[in-house]
Amino acid sequence: MGIGTIRYPGGSSVSIAALSPALQYAAPTLTLNASGALAALPGEWFLQYHGDGWVTTSPLTDDLRLGLEGGWTASTRTAGGQTEAPYAVAELLWAAPSWGVALGAGPSAGWNDAASWVSAFHARARAWWKWRRADWSASLEPTRFLGAWFTDVNAGATLKRGTVTAGAWAGVRISSAYGSKGAVSGFLQVFVSPRAALEVGGGGFLPDPYQGFPRTRFFSAGVRLVGGRAGVHTDPIFAPLVPERRGDSSVVRFRFIGARAVAIAGEWNNWQPSPLAAVGDDVWEGTLLLSSGTHRFNLLVDGEWVVPHRVATIADELGGLVALLVVP
């Protein structure tokens, strides 16, 4: 919930009050998102809503899999003015815990009540990776729109250090037919207590040719209240893994019946698998040097990535789940 001001290019402005709910469902091969914004403008209401989904197959060969993403964005004003913009992209992905690349293409379309439906061919090449405790991403997206091409080039990074999360993104649209332009934005979140965070963001958005929205700039500031410790939501049935302390080391154990090889990978080693030792009775053990705090990890069992059973998990930035380990 919040209040704000919208300023138009001519210098006029209006005050608004807004409600912006958001929902997310995340599983290892499926992510669903829904969000909206209901704003009270002077003498009218504005509603914008968005939904998208991302699903992948199980690995076809090693780290190769197929993926499908689709979404729908729409808006309406009670005083007149409606827009819609659906899209879909089918992808071929090579994905590992610390990196991934994808190539895909699909249709996209848009409409507003001042113009007829338009459609386009949209291709996408993207990559993501983890480096120096930051999550990086980049994409190249050529689009054939109304008989001419434009290409969006995007890059961004998100860094998490304790109670602080910072992110920055930049995008450039390159086109001889529609003109070239760019936009940058940033975000900072600081938890001042386990259940409250201060947030600030700002930057700009490129024009949306499908719905007819112009290029815009924004600034926001707020307080986020959360129901879990440090903003981490875990399955209420399971708790994070707490390893056994052995001097300065942490000892972890997992049981996999019939496994031939088990390795662990996490943030502490840049997601590089470290083999665990078989100690009998299908138990695999490893000794780790970890700092106090919460760490994200997963297991590699006989060449396949596995989320350990009965351990709390959270959604990662790549659309999957990672387990949580807490060192007191």
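Strand E8 gives the most to a nonpolar surface patch, contributing three residues. Here strands (E, at least two residues) and helices (H or I, at least four) are DSSP runs, numbered from the N terminus. The patch covers about 660 Å² and is made by Trp 94, Trp 99, Val 101, Leu 103, Trp 129, Trp 131 and Trp 136. The elements that give two or more residues to it are E8 and strand E9 (115-131). A patch of this kind takes residues with over 30% relative accessible area and no salt bridge, with nonpolar side chains (Val, Leu, Ile, Met, Phe, Trp, Tyr) joined within 5 Å, while like charges are joined within 9 Å. A salt bridge, in turn, is a side-chain nitrogen of Lys or Arg within 4 Å of a carboxyl oxygen of Asp or Glu.

Please keep in mind that this is a predicted model, where local features need pLDDT of at least 70, side-chain atom pairs count only at pLDDT 80 or more, and totals for chains, interfaces and linings use all residues. Residues are numbered from 1 along each chain as its sequence is written, and side-chain values use heavy atoms, leaving out hydrogens and water.

Let us stay with these two strands. Trp 129 lies in strand E9 and counts as partly exposed because its relative accessibility is 32%; buried means under 20%, exposed over 50%, and partly exposed in between (1.4 Å probe, protein chains only). Gly 100 has its place in strand E8 (residues 99-112), and it counts as buried because its relative accessibility is 2%. Leaving aside neighbours within four places in sequence, Gly 100 is in contact (heavy atoms within 4.5 Å) with Trp 94, Ala 95, Arg 126, Ala 127 and Trp 128.

In the largest nonpolar core, which has 18 residues, Phe 254, Phe 256, Ile 264 and Phe 297 touch the most other members. Such a core is a set of buried Ala, Val, Leu, Ile, Met, Phe, Trp, Tyr and Cys residues joined through side-chain atoms within 4.5 Å. At least two residues of this core come from each of strands E17 (249-255), E18 (262-266), E21 (283-288), E22 (293-301) and E25 (321-327). Beyond its neighbours within four places in sequence, Phe 297 has contacts that include Leu 241, Phe 254, Ile 264, Trp 268, Trp 271, Pro 308 and Val 322. A second, separate core of six residues includes Ala 85, Val 118, Ala 120 and Phe 145.

Phe 145 leads us on to the aromatic rings. A search of the whole structure finds eight aromatic pairs; rings of Phe, Tyr and Trp (its six-membered ring) pair if their centres lie within 6.5 Å, with planes under 30 degrees apart counted as stacked, over 60 as edge-to-face and the rest as tilted. Phe 145 and Tyr 178 are edge-to-face, at 5.9 Å centre to centre and 65 degrees between the planes. This pair links distant parts of the chain, 33 residues apart: Phe 145 is in strand E10 (residues 134-145), and Tyr 178 is in the loop between strand E12 (164-174) and strand E13 (181-193). Phe 145 is buried at 5% relative accessible area, whereas Tyr 178 is partly exposed at 35%. Phe 145 also pairs with Tyr 210, edge-to-face because the ring centres are 5.5 Å apart and the planes are at 85 degrees. Tyr 210 sits 65 residues away, in the loop between strand E14 (196-205) and strand E15 (216-225). Together, Phe 145, Phe 150, Tyr 178 and Tyr 210 form one aromatic cluster.

Methods
Accessible areas come from the Shrake-Rupley method with a 1.4 Å probe; for residues, only the protein chains shown count as cover.
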